[in-house]
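Student: I have the sequence and the model open. Can we go through it in short questions?

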Amino acid sequence: RPGSIVVEGTGEAVASVGTAPLKRPAEAVGNAYLIREYVDQIVAPCVNDAAKALLAEVQRFQERLYLRDPLKANVKKRYVCGLREVARALKSNKARVLIIAHNIERIQAEAALDDAVAQLLPLCVKKQEWVYDEEERASRQLLVDREKEVLVVYALTRKSLSKSLKRSAKTSVVAILNYDGASALYSKLEALVADARREYARRAGPWVDGAFAGTSGAAAAGAGGLGAPQERFLVQYVLDGKQVAVDPLVLQPGLDRAPGDDDAAEGDPSRWLAPPAPPPPVDEAGAGSKR
């Protein structure tokens with residue numbers, strides 16, 4: 001159909017984002033404790049704080065550039081928000097990190113939020129490429145594997161995501177286009193996400209469809225699914241006399257662990273609940289100072 005993209009080797013078409021206006025039904029209600037079924041990682045405070053730190057830093061760089069040169073800032077954006085802008089960044093191969101709120105409202109109407117998110121995930125593992133077909137004597141656009149996948153992070157609520165970027169409107173997804181000057185923060189986030197995804201595969205149990213166990217949400221979407229078939233909700237947990245909202249998977253034992261595993265300490269749930277370490281200092285050598 002118009003605006004569709006063909007996945008290489010399958011012949012299946014993936015509808016592009018933005019072909020129809022997004023409509024929010026009246027019955028849609030936001031829930032800060034909701035973790036959607038496509039979230040294939042542990043939703044942990046350490047991941048949330050690392051995502052906040054990276055977002056705050058790229059927002060600061062963007063704001064500093066805007067105060068110096070508004071025209072240049074509009075051309076050299078550090079990040080974009082919203083489903084359509086993020087889809088455009090993925091299609092143009094500019095997106096380097098994708099941060100998706102874990103509590104996006106469930107809206108299953110055609111061309112609604114669920115469809116839009118499902119269309120973004122395959123673009124994180126594949127890129128668009130024009131290929132000329134000698135038999136048909138015409139060119140068509142295919143989705144081919146990326147050399148390096150776009151890092152997909154499920155962190156924060158829609159409200160917290162917008163607050164990290166000093167936005168008033170709630171934000172469902174953010175694409176970071178340039179994190180130069182904040183490489184240390186990116187590396188920390190990347191390591192935490194990889195660890196959280198591995199821990200999810202160990203603990204998910206009843207939440208995970210066996211066909212997608214151990215598969216990232218982006219890869220699962222590219223294979224025809226969104227990963228976990230069942231949503232879950234954050235639960236209240238008492239830590240040092242205070243109630244904190246934690247992923248219920250953190251409280252589940254690692255299902256594939258045997259007693260005496262050398263890496264058993266890595267599966268200790270308390271490490272996901274401990275207060276996060278302060279972010280490392282950012283080296284701004286050559287970046288200039290704010291005036």
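Student: In which loop is lysine 166 found?
Tutor: First, the ground rules: this is a predicted model, where local features need pLDDT of at least 70, side-chain atom pairs count only at pLDDT 80 or more, and totals for chains, interfaces and linings use all residues. Residues are numbered from 1 along each chain as its sequence is written, and side-chain values use heavy atoms, with hydrogens and water left out. Helices (H or I, at least four residues) and strands (E, at least two) are DSSP runs, numbered from the N terminus. On that count, lysine 166 sits in the loop between α5 and β9.

Student: Is lysine 166 buried or exposed?
Tutor: Buried means under 20% relative accessible area, exposed over 50%, and partly exposed in between (1.4 Å probe, protein chains only). Lysine 166 has 62% relative accessibility, so it counts as exposed.

Student: What is the phi of lysine 166?
Tutor: Most residues other than glycine have a negative phi. Lysine 166 has a positive value, although it is a residue other than glycine. Its phi is near 60 degrees.

Student: Which residue meets the side chain of lysine 166 in a salt bridge?
Tutor: A salt bridge is a side-chain nitrogen of Lys or Arg within 4 Å of a carboxyl oxygen of Asp or Glu. For lysine 166 the N to O distance is 3.6 Å. The pair links distant parts of the chain, 103 residues apart, with the partner in helix α1. That partner is glutamate 63.

Student: How many salt bridges does the structure hold?
Tutor: Side chains of opposite charge can pair when their charged atoms come close. The structure's count of salt bridges is eleven.

Student: Which residue forms a salt bridge with arginine 232?
Tutor: Arginine 232 lies in strand β10 (residues 232–233) and is buried, at a relative accessible area of 1%. Its partner is 15 residues apart, in the loop between β12 (242–246) and α8 (270–273). With the closest N and O atoms 3.0 Å apart, it is aspartate 247.

Student: In which helix do arginine 198 and aspartate 195 both lie?
Tutor: Their side chains meet in a salt bridge (3.6 Å, N to O). Arginine 198 is partly exposed at 47%, whereas aspartate 195 is buried at 16%. They are three residues apart, about one turn of the helix, and that helix is α6.

Student: Why do the buried residues of α3 line one face of the helix?
Tutor: In α3 (residues 83–91), Leu83, Val86, Ala87, Ala89 and Leu90 are buried. The view is down the helix axis, with the arc taken from the directions from that axis to the C-beta atoms. The buried residues line one face because they fall within an arc of 160 degrees.

Student: Which residues does leucine 90 touch?
Tutor: Contact means heavy atoms within 4.5 Å. Leaving out residues up to four places away in sequence, leucine 90 touches Ala95, Leu98, Leu120, Leu123, Cys124, Arg146 and Val150.

Student: Is leucine 156 buried or exposed?
Tutor: Leucine 156 is in the loop between β8 and α5. It has a positive phi of about 70 degrees although it is not a glycine. Its relative accessibility is 4%, so it counts as buried.

Student: How many helices and strands are there in the protein?
Tutor: The protein has 291 residues, and 45% of them count as buried. Among contacts between residues at least 6 apart in sequence, 73% join residues at least 24 apart. The tally is eight helices and twelve strands.
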